[in-house]
Amino acid sequence: MTEHSLWRFSRALHRAINDRHFEDIEALIDEDVEWALYGPIDMFPFLGARQGKDAVLDVVRQLADNFQVRRFDRESIMLGVDSAASMLRYSLTALDSNKPISLRVAQFAQFRAGKLTSMRVLIDTFDLVEQALGRAIHLPKMTSVG
């Protein structure tokens, strides 16, 4: 049985972010990859949609410039032949402030011939923004009692 593409990609991504070893991740990304990290682009400009290998590698470099992955836990995962979906919890450190950041993400990946062709990541952005601001966000009540 061969190793699933997600495991190779995951290891290479974390090595790129933590150790700035970009060669492994570069070899695992398709030239025409579609990539989207859904979150508050105004606060985190490396989020958003990207097309193509060079654009995705630029995002990975920006992640490496801003964060260190301390830990991640797979809460659930579903693997297909050339696809994967997972819920993850990350513990990161912001490099500029040495501040811990915890976030949950849902990740949907597709592969072809062992290379990433599509990545969609949904981030629990409300919690992330509160942590980045360093305070709770108080929203007005949305319901009325009648």
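Author: Start with burial. Buried means under 20% relative accessible area, exposed means over 50%, and partly exposed is in between (1.4 Å probe, protein chains only). This is a predicted model: local features need pLDDT of at least 70, side-chain atom pairs count only at pLDDT 80 or more, and totals for chains, interfaces and linings use all residues. Residues are numbered from 1 along each chain as its sequence is written, and side-chain values use heavy atoms, leaving out hydrogens and water.

Reader: Then apply it. Why is Phe108 called partly exposed?

Author: Its relative accessible area is 39%. That lies between 20% and 50%, so the middle class applies. Phe108 is found in strand S5, residues 99–112. Strands are DSSP runs of E with at least two residues, helices are runs of H or I with at least four, and both are numbered from the N terminus.

Reader: Why is Trp35 called buried?

Author: Its relative accessible area is 4%, and the limit is under 20%, so Trp35 is buried. It sits in strand S1.

Reader: What does Trp35 touch beyond its neighbours within four places in sequence?

Author: Contact means heavy atoms within 4.5 Å. By that test Trp35 meets Phe9, Gly48, Ala49, Arg50, Val56, Val59, Leu116, Met119 and Arg120. Take Gly48: it is 13 residues away along the chain, with a C-alpha separation of 8.1 Å.

Reader: Which class does Thr117 fall into, buried or exposed?

Author: Buried, at 13%. Thr117 lies in strand S6, residues 115–123. Residues up to four places away aside, it touches Asp30, Asp32, Val33, Glu34, Gln110, Phe111 and Arg112.

Reader: How do you know that helix H3 has close to its expected length?

Author: The expected span is 1.5 Å times one less than the number of residues. H3 (residues 53–66) has 14 residues and reaches 20 Å from first C-alpha to last, close to the 20 Å expected.

Reader: Why do you put the buried residues of H3 on the same side?

Author: They are Lys53, Val56, Leu57, Val59, Val60, Leu63 and Ala64. They cover an arc of only 155° around the axis, so they share a side of H3. The arc is that of the directions from the helix axis to the C-beta atoms. Their cover includes helices H1 (5–19) and H2 (23–27), and strands S1 (29–38), S2 (48–51) and S3 (67–79).

Reader: What makes the pair Arg120 and Glu34 a salt bridge?

Author: A salt bridge is a side-chain nitrogen of Lys or Arg within 4 Å of a carboxyl oxygen of Asp or Glu. Here the closest N and O atoms are 3.2 Å apart, so the pair counts. It links distant parts of the chain: Arg120 is in strand S6, Glu34 in strand S1, 86 residues apart. Arg120 is partly exposed at 26%, and so is Glu34 at 37%.

Reader: How many salt bridges does the rule give?

Author: Ten. Among them, Arg104 and Glu75 meet at 2.5 Å, N to O. This pair also joins distant parts, Arg104 in strand S5 and Glu75 in strand S3, 29 residues apart. Asp73 and Arg71 meet at 3.0 Å. Glu3, Arg8 and Arg11 are linked in a network of salt bridges.

Reader: Which class do Arg20 and Asn98 belong to?

Author: Arg20 is partly exposed at 42%. Asn98 is exposed at 59%, because the cut-off is over 50%. Arg20 lies in the loop between H1 and H2, and Asn98 in the loop between S4 (83–94) and S5. Arg20 has a positive phi of about 60° although it is not a glycine, and Asn98 likewise has a positive phi of about 60°.

Reader: What about the whole chain: how many helices and strands are there?

Author: Four helices and six strands. Along the sequence the pattern is α-α-β-β-α-β-β-β-β-α. Buried residues make up 41% of the 146 residues.
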